[in-house]
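Subject: Structure for you to look at

Dear colleague,

I am handing over the structure below, and after it I have written out what was found. Please read the notes with the model open beside you.

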Amino acid sequence: MSTVSAELAYFTPPSDGSRPFTTINADPATGQRARNWKNEEHTVEIENVRGKESDYTLDTAGFQYVTKPSKHSAFINDEDIRGEYYPESIELLEDITGASKVVLFDHTVRRHRPGDVETDETKRQPVDQVHVDQTPESATARVHRHLPVGEAEKLVKKRFQIINLWRPISHPAVDHPLALCDYRTVDAKKDLVPIALIYPDREGETYGVKFNPAHRWKYQRGMKPDEVVLIKCYDSAQGDNIARFTPHTGFKDPSAPQGAPLRQSIELRALVFYD
C-alpha cells in the first residue's frame, strides 16, 4: 500500500489570543498536561516511502532514513543507554552529517500502553500531535544550557542543528508509526506558532503546527529496529533551499494488522555543530 488516510492532530491557537503554553509534566491524577490551546483533527494522506527513502534527505525534506543496526538493544536502563547507545549514535550522526562535533543532551523511550496514564518520565507514550521540537530561541538556549559558556558562544556563531535520532525498539513500529512532513511543503511563516513549554524551573519553546492542505506527509511502513530516521528540529543555516525543521507526529495507521505489537521506540536529541 503506497498511501494511507489517517487523522492527524493539528494545533489551533487559543481563542482569546493569549500566548499558547503547555506544561512539561502531566498532572499525576489525570495524566494530562495543562495547556490553553486545542487540537483540530484533519484527515490526510500519508505516503509510505519504503523503497524511495533516498528521495528524502536532512537538507531537502528535513528528515533522512538510514539502515544501521545498533549494538545496544535492551533500552531499559538509562545509564546503559547513555554508556552504550550514545557513543554509537554520535558516530552515526557524525558519519551522516559530516559534523565536527555532536553532543547528545537527552533521550526518551516511548512504549505505547493504551489506557495508561503518563504519570512520569518512565511512562512516556507516542505523541499524537503535529509539532516541531524547537524554535530558534529554544535551540540556541539548548546550546548554552549544555555547553560551557565560552564554547557555546563560539559554536552558535557557526552553523548548528538539533537532530533527533528515532529508532523502533524490539519489533517493527507497525502500531503508531511516525509521520514526517516534507519541509518543502511547509509555509514556515504561516504554519508555525511558538508554544511556551513550562518546566518546573524554566521555560522552553516548541512550535505548534497549523493545518495547511499543501502539507505532504511521509512514513516508512513497518520500520524495523535496525532502521532509524534522523529528524531535523532546527538548523541555523540561512539558505532558501535548506530544510530548517520537520513537523512530525505519531499516528494510528489504519492499515496496521489487528493485534500488531504495541510500538516501542527511542529518540535521542543531539546538538550538531559544524566548523
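Y183 is buried, and F245 is buried as well, where buried means under 20% relative accessible area, exposed means over 50% and partly exposed lies in between, with a 1.4 Å probe and protein chains only. This is a predicted model, in which local features need pLDDT of at least 70 and side-chain atom pairs count only at pLDDT 80 or more, while totals for chains, interfaces and linings use all residues. Residues are numbered from 1 along each chain as its sequence is written, and side-chain values use heavy atoms, with hydrogens and water left out.

Aromatic rings

Rings of Phe, Tyr and Trp (for Trp, its six-membered ring) are paired if their centres lie within 6.5 Å, and the planes count as stacked when under 30 degrees apart, as edge-to-face when over 60 and as tilted for the rest. By this rule there are ten aromatic pairs. One of them is formed by F11 and W37, which are tilted, with 5.1 Å from centre to centre and 50 degrees between the planes. This pair links distant parts of the chain, since F11 belongs to strand β1 (residues 3-12) and W37 to the loop between β2 (21-23) and β3, 26 residues apart; helices (H or I, at least four residues) and strands (E, at least two) are DSSP runs, numbered from the N terminus. Both F11 and W37 are buried. In the pair of Y183 and F245, the ring centres are 5.0 Å apart and the planes stand at 80 degrees, so this pair is edge-to-face.

Y10, F211 and W217 form one aromatic cluster. Y10 lies in strand β1 and counts as buried because its relative accessibility is 0%. The side chains of Y10 and H215 are joined by a polar contact of 2.9 Å, a term for a pair of N or O atoms within 3.5 Å in which, within protein, one must be able to donate a hydrogen and the other to accept it, and residues adjacent in sequence count only if both atoms are side-chain atoms.

Helix α1

Helix α1 (residues 78-97) has a kink of about 40 degrees at Y85, shortly before the proline P87; the bend at a residue is the angle between axes fitted to the seven residues ending there and the seven starting there. After α1 comes G98, whose phi is positive, near 75 degrees.

Two further positive phi angles

F75, although not a glycine, has a positive phi of about 55 degrees; F75 is in the loop between β4 and α1 and is buried, with a relative accessible area of 3%. S170, also not a glycine, has a positive phi of about 75 degrees. S170 is found in the loop between β7 and β8 and counts as exposed, because its relative accessibility is 56%.
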